[in-house]
Amino acid sequence: MQIFGDGKSTPFHLFERNCSIQRRNQKVIEEAPSPELSKECRERLFEVAVNAAKAVQYKNAGTVEFIVDEKEEVYFLEMNTRLQVEHAITEEITGIDLVEWQLLVACESTLPLQHQKDIEQSGHSIEFRIYAEDPIKFFPSPGTLRQCSFEVIPGIRIDYGYATGNKVTPFYDPLIMKVIAHATTRDECIQND
């Protein structure tokens, strides 16, 4: 559950993300909204996440994480007091620049939207993480990127920090880019990828 608090208004959520597709405890694919939650479970998670933020008078971007089993029993996992790699899918479904909002909070500014009712969700978004990895062993594969290029495609956002000739070192996570699709429905979003 992506939450936000600016210290001036009541903390609120910016909906949920599903980060269930992982490999070796590393997130690989994330999507928003979660295709697996019932409306009732989703509302319960929103309430718990916002209440957690209220309880500590939270002032920042944050993510309250849960594990939800097949019976929709909810288990609190942790709260990350920062933006996470997958924040882009929340930006896509809300149209809100979360990095800008985090900077506004840091500068003691008031957020442009102040109440839960002001936050709207539109469509579906899926993020794929692209790693510099050995494709057989799934281990990081440091080295020089010989070619790093991509085309602009409507409905696709690419966040990256590398270019042709850059070196991927063994000292950091081998994530080189994120490919984020956004569309009206989940099926359309999958087709975009």
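Helix α2 is followed by G95. The phi of G95 is positive, near 75 degrees. These values come from a predicted model.

Helix α2 spans residues 87–94, and seven of its eight residues are buried, so the helix is largely enclosed by the rest of the structure. The buried residues are H87, A88, I89, T90, E91, I93 and T94. What covers them? The cover includes strands and a helix, among them β1 (2–6), β4 (26–32) and α3 (98–106). Strands β7 (124–131), β9 (156–160) and β11 (175–183) are also part of the cover.

Strand β4 holds K27. Is K27 buried or exposed? Its relative accessible area is 14%, and buried means under 20%, so K27 counts as buried. Beyond its neighbours within four places in sequence, K27 is in contact with C19, I21, Q22, E65, Q84, E86, R129 and Y131.

| Pair | What is given | Distance |
|---|---|---|
| K27 and E86 | polar contact of the side chains | 2.9 Å |
| K27 and Q114 | separation of the C-alpha atoms | 31 Å |

K27 and Q114 are 87 residues apart along the chain.

Now the cores. The largest nonpolar core has 28 residues. F4, F12, L14, W101 and I119 have the most contacts inside it. Two or more residues each come from β1, α1 (39–55), β5 (59–68), α2 and α3. Helix α1 gives the largest share, five residues. L14 is in contact with T90 and T94, and also with F4, W101 and I119, among others. A second, separate core has 13 residues, including A132, C148, Y162 and C189.

Methods:
Residues are numbered from 1 along each chain as its sequence is written. This is a predicted model: local features need pLDDT of at least 70, side-chain atom pairs count only at pLDDT 80 or more; totals for chains, interfaces and linings use all residues. Side-chain values use heavy atoms; hydrogens and water are left out. Buried means under 20% relative accessible area, exposed over 50%, partly exposed in between (1.4 Å probe, protein chains only). Helices (H or I, at least four residues) and strands (E, at least two) are DSSP runs, numbered from the N terminus. Contact means heavy atoms within 4.5 Å. A polar contact is a pair of N or O atoms within 3.5 Å; within protein, one must be able to donate a hydrogen and the other to accept it, and residues adjacent in sequence count only if both atoms are side-chain atoms. A nonpolar core is a set of buried Ala, Val, Leu, Ile, Met, Phe, Trp, Tyr and Cys residues joined through side-chain atoms within 4.5 Å.
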